[in-house]
Amino acid sequence: MSPDPYGLRRVVRPLGVLPQQAEVIDPLLPLGDDELLIDVEHLNIDAASFRQLAGEASGDVQRIAAMVREIVKARGKMQNPVTGSGGMLIGRVAAVGAQHPAFKELHVGDRIATLVSLTLTPMM
């Protein structure tokens, strides 16, 4: 698979935008040579998004979790449709794309924290 450093192949809607601006991305495509598959341990939802979700759920933790799951299911990423924001994640490397030189030091099982927003990170 040819490298796709911007993740454009994952954009479902609207076409022609970067994954962060997209309303929906496809997290089910096969792992690209320049991608990582991560087993998520924790989501760190950004403060604006968390406040909005918590307010809408009247602080009910189970409802907040369900709302996050619904957003991810609908969008293929964690991008709060009200605030436009996401957060970051902590997890472990489950698979490493074959071609990216930056991945030489990563191994399956390594614990990582993403430094990119969940608004552009494919999730399911």
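**A conversation about the model**

Tutor: Pro-14 sits in the loop that connects β1 (11–13) and β2. Please keep in mind that this is a predicted model.

Student: Which residue is joined to Pro-14 by a cis peptide bond, and what is omega there?

Tutor: The partner is Arg-13, and omega of the bond is about -15°. For context, most peptide bonds are trans.

Student: Let us turn to α2. What should its residues span, and what is the distance between its ends?

Tutor: Helix α2 has 15 residues, 61–75, and at 1.5 Å a residue it should span 21 Å. Its end C-alpha atoms are 21 Å apart, which agrees with that expectation.

Student: Which residues of α2 are buried?

Tutor: They are Ile-64, Met-67, Val-68, Ile-71, Val-72 and Arg-75. These residues cover an arc of only 135° around the axis, so they lie on the same side of α2.

Student: Why would residues some places apart point the same way?

Tutor: An α-helix has 3.6 residues a turn, so residues three or four places apart point the same way.

Student: What covers that buried side?

Tutor: The cover includes β2 (24–25), β3 (36–45) and α1 (47–56). On the face turned away from the buried side, α2 carries the exposed residues Gln-62, Arg-69, Lys-73 and Ala-74.

Student: You mentioned α1 as part of the cover. Which of its residues are buried, and what do they pack against?

Tutor: The buried residues of α1 are Ser-49, Gln-52, Leu-53 and Ala-54. They pack against β3 and α2.

Student: What happens at the start of α1?

Tutor: There, a side-chain oxygen of Asp-46 comes to within 3.2 Å of the backbone nitrogen of Ala-48.

Student: And just after α1, which residue takes a positive phi?

Tutor: That is Ser-58, with a phi of about 50°. Ser-58 belongs to the loop between α1 and α2, and its relative accessibility of 65% means that it counts as exposed. As background, most residues other than glycine have a negative phi.

Student: A change of topic: where is Asn-80, and is it buried or exposed?

Tutor: Asn-80 is in the loop between α2 and β4 (87–96). Its relative accessible area is 1%, so Asn-80 is buried, the cut-off being under 20%.

Student: What does the side chain of Asn-80 reach?

Tutor: It reaches two backbone nitrogens: that of Val-82 at 2.7 Å and that of Thr-83 at 3.3 Å. Leaving out residues up to four places away in sequence, Asn-80 touches Ser-49, Gln-52, Leu-53, Ile-71 and Ser-85. Among these, Ser-49, Gln-52 and Leu-53 are buried residues of α1, and Ile-71 is one of the buried residues of α2.

Student: Is Val-82 buried or exposed?

Tutor: Val-82 is in the loop between α2 and β4. It counts as exposed because its relative accessibility is 58%, and exposed means over 50%.

Student: How far is Asp-4 from Val-72?

Tutor: The two are 22 Å apart in space, C-alpha to C-alpha, and 68 residues apart in sequence.

Student: Finally, how much space lies in the largest pocket, and which residues are closest to its centre?

Tutor: The largest pocket holds about 1200 Å³ of space. It is lined by 36 residues, and those closest to its centre are Glu-35, Leu-36, Ile-38, Thr-121 and Pro-122.

Student: Which elements give two or more residues to that lining?

Tutor: Those elements are β3 and β5 (111–113). The largest share, six residues, comes from β3, and β3 is also among the elements that cover the buried residues of α2.

Methods:
Residues are numbered from 1 along each chain as its sequence is written. This is a predicted model: local features need pLDDT of at least 70, side-chain atom pairs count only at pLDDT 80 or more; totals for chains, interfaces and linings use all residues. Side-chain values use heavy atoms; hydrogens and water are left out. Helices (H or I, at least four residues) and strands (E, at least two) are DSSP runs, numbered from the N terminus. The expected span of a helix is 1.5 Å times one less than its number of residues. Buried means under 20% relative accessible area, exposed over 50%, partly exposed in between (1.4 Å probe, protein chains only). The arc is that of the directions from the helix axis to the C-beta atoms. Contact means heavy atoms within 4.5 Å. On a 1 Å grid over the protein atoms alone, a cavity is a set of points where a 1.4 Å probe fits but cannot get out, and a pocket is an open set with protein on both sides within 12 Å along at least five of seven lines; lining residues have an atom within 4 Å of a point. Grid points are joined across faces, edges and corners, and a volume is the space filled by probe spheres set on the points. A polar contact is a pair of N or O atoms within 3.5 Å; within protein, one must be able to donate a hydrogen and the other to accept it, and residues adjacent in sequence count only if both atoms are side-chain atoms.
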